[in-house]
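Hi,

Here is the structure I promised to hand over. My notes on it follow below.

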Amino acid sequence: MTVEPLIGDVIGELLRDTLAVATGVGPRPLVGGRLPRPVIEIIERDDGLINGAPAAHYLDGPAEWQPYDHRAVDRAHGETLDIGTGAGRIALLLQERGVPVTGLDTSAGALEVSRRRGVRRLVHGTVDTHVADGAQYDTFLLLGNNLGLFEGRERAPEFLAALAALARPGAQIIAQGTDPYGTRDPLHTGYHERNRRRGRLGGQLRLRLRYRELSTEWFDYLVCSADEFASLVHGTGWRLTDVDHRDAPYYLATLRLAD
């Protein structure tokens, strides 16, 4: 008998366990009843491909970050919204620097972990629901490959409109993405072609996340080239002003709210 996983707060559960393993505080997944088990995030794609990645990186301090993370954080100024804050690694550094930062996440468990780690201002929700709170920001950060939250052609204009509603004059978005098209792996190139035949962007992923007995709902997550991203931004209230390719295939895209 095949049993489907339960729908639940995957990110929250795995971050709570990751923090417990790292600190030795709280219940931990165990091997053989004694040794802590490494926490692995399972990523399942809609073509059947399954990958696993250790979750410990969500707790990484600045010494373990990639260079583009540091360059992105150095550009943050004014009231800052860290979108998809996760375990709060970005927000914690900004707090230390005296930058007023709010962490936003859809995972209640992730916000609990961020709070335990010392993040002071947190919001549970999406950018769309946060509009109703009346908050205004100068900088929006989408790091940890969170350019993916643009999802695709249909969602991108709505996402940018929500950010515009939250923006102060002259606000900026700094988003980290990955160009997916350098691979020769037929599992990925074939997926890109399948997407294009369906009218989707090549790197537009359909995913669900798994941890232990839990799963998320299926969702779209965008991995695209900088040129594709520019086409999504065109005609919105935002201008793509800079693309930093120094760590290719990873890049930082900076957008500014048009006057």
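**Sheet, helices and salt bridges**

Strand S6 (residues 80–83) pairs with strand S7 (residues 101–105) in the parallel sense, over 4 bridges. Pairing here requires at least two DSSP bridges between two strands. Strands (E, at least two residues) and helices (H or I, at least four) are DSSP runs, numbered from the N terminus. Within this pair, threonine 80 has valine 101 of S7 as its bridge partner.

Before you read on: this is a predicted model, local features need pLDDT of at least 70, side-chain atom pairs count only at pLDDT 80 or more, and totals for chains, interfaces and linings use all residues. Residues are numbered from 1 along each chain as its sequence is written, and side-chain values use heavy atoms, leaving out hydrogens and water.

The sheet is open and has 7 strands, in the order S8-S7-S6-S9-S10-S15-S14, with mixed pairing. Its edge strands are S8 (122–124) and S14 (238–244), each pairing on one side only. The twist averages 20 degrees from one strand to the next. Helix H4 (residues 108–117) packs on the sheet and touches S7 and S8. Contact means heavy atoms within 4.5 Å. The direction of H4 makes about 170 degrees with that of S8. Angles run from 0 to 180 degrees between N-to-C directions, with axes fitted to C-alpha atoms, for helices over the stretch in contact.

H4 also meets helix H1 (residues 10–23): their axes come within 7 Å and cross at roughly 30 degrees. H1 and H4 are therefore roughly parallel to each other (angles under 35 degrees count as such). Among the contact residues are Leu15 and Leu19 of H1, and Val113 and Arg116 of H4.

Now the charges. The whole structure holds 22 salt bridges (a side-chain nitrogen of Lys or Arg within 4 Å of a carboxyl oxygen of Asp or Glu).

- Arginine 198 and aspartate 46: closest N and O atoms 4.0 Å apart. The pair ties together parts that are 152 residues apart in sequence.
- Aspartate 74 and arginine 97: closest N and O atoms 2.8 Å apart. Aspartate 74 is in helix H2 (residues 67–75), and arginine 97 is in the loop between helix H3 (89–96) and S7.
- Arginine 168 and aspartate 138: closest N and O atoms 3.0 Å apart. Arginine 168 lies in strand S10 (residues 167–178), aspartate 138 in strand S9 (residues 137–142).

Aspartate 138 is buried, at 14% relative accessible area, while arginine 168 is partly exposed at 35%. Buried means under 20%, exposed over 50%, partly exposed in between (1.4 Å probe, protein chains only).

Best wishes

Technical notes. Angles under 35 degrees count as roughly parallel, over 145 as roughly antiparallel, 65 to 115 as roughly perpendicular and the rest as oblique.
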